[in-house]
Amino acid sequence: MNNGNLIEIQDLQVHFPIKSGFLQRTIGEVKAVDNVSFDIRKNETIGLVGESGCGKSTLGRAIVRLNRPSSGRIMYNGNDILTSKGEDLVKIRKDMQMIFQDPYSSLNPRHSVKRMLTEVLTVLKGYSQSEANDRVANLMVQVGLNPVYAERYPHEFSGGQRQRVAIARALALEPKFIVCDEAVSALDVSIQSQIINLLTDLKEKYNITYLFISHALNVIEHISDRVVVMYLGAVMETADTNELFEHPCHPYTRALLSAIPMLSGRERQQERIVLKGDVPSAAAVPSGCRFHTRCYMADERCRTEVPQMKDLGCGHCVACHKA
């Protein structure tokens, strides 16, 4: 791959069947991710934003093959992840890791940190026990924890410390790509800044590429190079971070940004936009533009015609008839 992209997502769909009755017949499907396409460049942080239920976590899990996509392609360094098998798939899995929203539920409560990490290193990296122990001590230092704490169990850590343990586990295999799924949302603001700074330092030190999923737009603005805005399983807008925050084009993006009183010391530049109604069910996606049921600019064309993604220049792309 010579275009600088580490990952290329092409027309990705993740649909879940809805079954009913004694025979469990399929009567519909939930379109959690629907025809999503975008690229992630090497050593880049992509911020993925949107309301709850818009498909952000499903997309992140699909990229690392925790969810099986229904169709589409995910290219990693020129290789299709969805068709890879055997040793090729094992190698790709070593390069791609995920940091989950709740570190406590993603860590085995019956295993000490040392056992969790050494097991990964001995099985997947072929380390001897002494080499694994040295590597664990080094990982603990890298994430800002005392190596002695490796003997502790997850319940003996605070929330911020557990998240650091989760980061250490993600780093154990020296991955090139990490999905951060709401990695700081459950933490205090002061701890959030520490974890964000830690992730930034690790990116610069090891040339890691991130997909950073978050509701917190102030966090996204601080850590991301580019931003992808999702709504009801589809991409609405994507642009460089500064461009998107300064010149949002999609009505949905404007509504999200207007909910923040201040952005990096700047006063809010527009009045608060309150969206009417609730997010429709992904099992019954509206016709036309899927955002038209809540959009303050919608007209008849929006209700009947699906907007195509168009490039407004400088990589700023938006799927909106009004843009």
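1. Buried residues have under 20% relative accessible area, exposed ones over 50%, and partly exposed ones lie in between (1.4 Å probe, protein chains only). The model is predicted, so local features need pLDDT of at least 70 and side-chain atom pairs count only at pLDDT 80 or more, while totals for chains, interfaces and linings use all residues. Residues are numbered from 1 along each chain as its sequence is written, and side-chain values use heavy atoms, with hydrogens and water left out.

2. The chain has 11 helices and 14 strands. These are DSSP runs numbered from the N terminus (helices: H or I, at least four residues; strands: E, at least two).

3. With 323 residues, a compact globule would have a radius of gyration near 20 Å, and the 21 Å of the chain agrees with that. The radius is taken over C-alpha atoms, and the globule rule is 2.2 Å times the number of residues to the power 0.38. The C-alpha trace spans about 70 × 55 × 45 Å along its principal axes.

4. Of the 323 residues, 49% count as buried. Among contacts (heavy atoms within 4.5 Å) with a separation of 6 or more, 61% come from residues 24 or more positions apart.

5. The accessible surface of the chain is about 15500 Å², and carbon and sulfur atoms contribute 48% of that area. Areas come from the Shrake-Rupley method with a 1.4 Å probe; for residues, only the protein chains shown count as cover.

6. Helix 2 covers residues 86-95 and has Leu 89, Ile 92 and Asp 95 buried. Seen down the axis of helix 2, the buried residues fall within an arc of 120°, so they line one face; the arc is that of the directions from the helix axis to the C-beta atoms. An α-helix has 3.6 residues a turn, so residues three or four places apart point the same way.

7. The buried residues of helix 2 pack against strand 4 (71-76), strand 6 (96-99) and strand 7 (177-181). Glu 87 and Lys 91, on the other side of helix 2, are exposed.

8. Most residues other than glycine have a negative phi. Arg 65, not a glycine, has a positive phi of about 65°; Arg 65 sits in the loop between helix 1 (56-63) and strand 4.

9. Glu 174 also has a positive phi, near 55°. Its place is in the loop between helix 6 (159-171) and strand 7. Glu 174 counts as partly exposed because its relative accessibility is 48%.
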